[in-house]
Amino acid sequence: MPDGPVIRAATAADEQAIDGVIREAFAATEFGQQGEARLVRMLAADGDVMVSLVAERDGAIVGHVLFSRMGVEADGAPLSGAGLAPVSVVPAMQGQGIGDALIRAGLDVLRGQDVAISFVLGHQSYYPRFGYSPDLAARFASPFAGPHFMAMMLDSDAIWPQGGRVDYAPAFGRLG
Ligand SMILES: CC(C)(COP(=O)(O)OP(=O)(O)OC[C@H]1O[C@@H](n2cnc3c(N)ncnc32)[C@H](O)[C@@H]1OP(=O)(O)O)[C@@H](O)C(=O)NCCC(=O)NCCS
């Protein structure tokens with residue numbers, strides 16, 4: 001039996017491997033492979049990466065997740081927020097819980113950084129299992145508003161803000 005993947009913080013030496021994982025994972029999706037890899041490089045260059053983790057199996061990087069800084073205003077005050085994007089697992093290893101482990105580990109790191117809220121733009125059948133809710137995201141004005149826009153309070157006991165506004169890091173606006 002092969003060992004399960006190890007989840008660890010990404011380092012500068014992982015840059016090429018992460019790029020390859022993202023390209024491979026997104027090649028078969030409607031999003032295309034160029035944009036997401038470029039996004040990760042721009043977020044890093046801008047200093048907007050909050051958490052970047054890799055999944056490593058038998059010495060090879062097979063998955064990656066990134067959370068970037070967001071501008072969040074909730075009930076008139078700034079709130080520390082992180083956007084989940086992108087998450088990638090190489091096609092040959094999808095469906096084995098690696099994406100799940102990467103996202104849960106990333107959320108734990110954010111909790112350790114006292115981040116209050118996380119947003120994601122993605123599939124409604126996948127992200128609610130981690131605690132993301134379209135109802136919470138709907139309280140925030142955003143260009144991404146809609147059923148695929150979800151949010152979660154990282155402290156599950158926290159009271160939901162009544163309303164606010166959220167912006168992704170500037171790199172998202174430079175995708176095109
Ligand atoms: C999304 C992704 C990271 C999930 O990683 P994974 O290791 O395959 O996921 P897990 O094994 O933890 O979870 C599998 C579950 O995710 C679901 N899932 C996987 N990709 C999905 C997608 N694009 N949309 C909806 N559900 C998806 C599977 O149906 C499965 O559901 P189940 O548990 O109810 O059977 C991976 O499939 C991937 O890299 N996809 C291509 C890139 C992408 O679309 N990323 C997300 C957009 S930012």
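Which elements cover the buried residues of α3? In this predicted model, what covers them includes β1 (6-9), β2, β3, β4 and β5. The buried residues in question are Ile98, Gly99, Leu102, Ile103, Gly106, Leu107 and Leu110, and because they cover an arc of only 165° around the axis, they are placed on the same side of α3. The helix has 15 residues, which should span 21 Å at 1.5 Å a residue, and this agrees with the 21 Å that separates its end C-alpha atoms. Just after α3, Asp114 takes a positive phi of about 60°.

A corresponding description can be given for α2, which comprises 13 residues and reaches 18 Å from its first C-alpha to its last, close to the 18 Å expected at 1.5 Å a residue. The buried residues of this helix are Glu36, Leu39, Val40 and Leu43; they cover an arc of only 100° around the axis, and are therefore on the same side of α2. Among the elements that cover these buried residues are α1, β2, β3, β4 and α5 (170-173). Just after α2, a positive phi of about 75° is taken by Gly47. Ala44, which also lies in helix α2, is partly exposed, as 18 other C-beta atoms lie within 10 Å.

The interior of the model can be described through its nonpolar residues. In soluble globular proteins, nonpolar side chains tend to be buried together. Here the largest nonpolar core has 48 residues, and those with the most contacts inside it are Leu110, Phe119, Met150 and Ala151. Two or more residues are given to this core by each of α1, α2 (34-46), β2 (49-57), β3 (60-74), β4, α3, β5 (117-121) and β7 (149-153), and β3 gives the most, with 8 residues. Leu110 is also one of the buried residues of α3. For Phe119, when residues up to four places away in sequence are not counted, the residues touched are Met70, Gly81, Gly83, Ala137, Phe149, Met150, Ala151 and Val166; this list includes Met150 and Ala151, which are themselves among the core residues with the most contacts.

A cis peptide bond joins Ala85 and Pro86, with omega at about -10°, and Pro86 is placed in strand β4. Two aspartates have a positive phi although neither is a glycine: for Asp75 the value is about 50°, and for Asp114 it is about 60°. Asp75 is found in the loop between β3 and β4 and is exposed, since 12 other C-beta atoms lie within 10 Å. Asp114 is found in the loop between α3 and β5 and likewise counts as exposed, with 9 C-beta neighbours inside 10 Å.

A further pairing across the sequence concerns Glu73, which lies in strand β3 and counts as partly exposed, having 17 C-beta neighbours inside 10 Å. Glu73 and Arg165 are 92 residues apart in sequence, yet their C-alpha atoms are 5.2 Å apart in space. When residues up to four places away in sequence are left out, Glu73 touches Pro78, Gly164 and Arg165.

Conventions:
Residues numbered from 1 in each chain as written. Predicted model: local features only at pLDDT ≥ 70, side-chain atom pairs only at ≥ 80, totals over all residues. Core = buried A, V, L, I, M, F, W, Y, C linked by C-beta atoms within 7 Å. Buried ≥ 20, exposed ≤ 12 C-beta atoms within 10 Å, placed from the backbone. Helix = DSSP H or I, 4+ residues; strand = E, 2+ residues; numbered from the N terminus. Contact = placed C-beta atoms within 7 Å. Expected span 1.5 Å × (residues − 1). Arc of directions from axis to C-beta.
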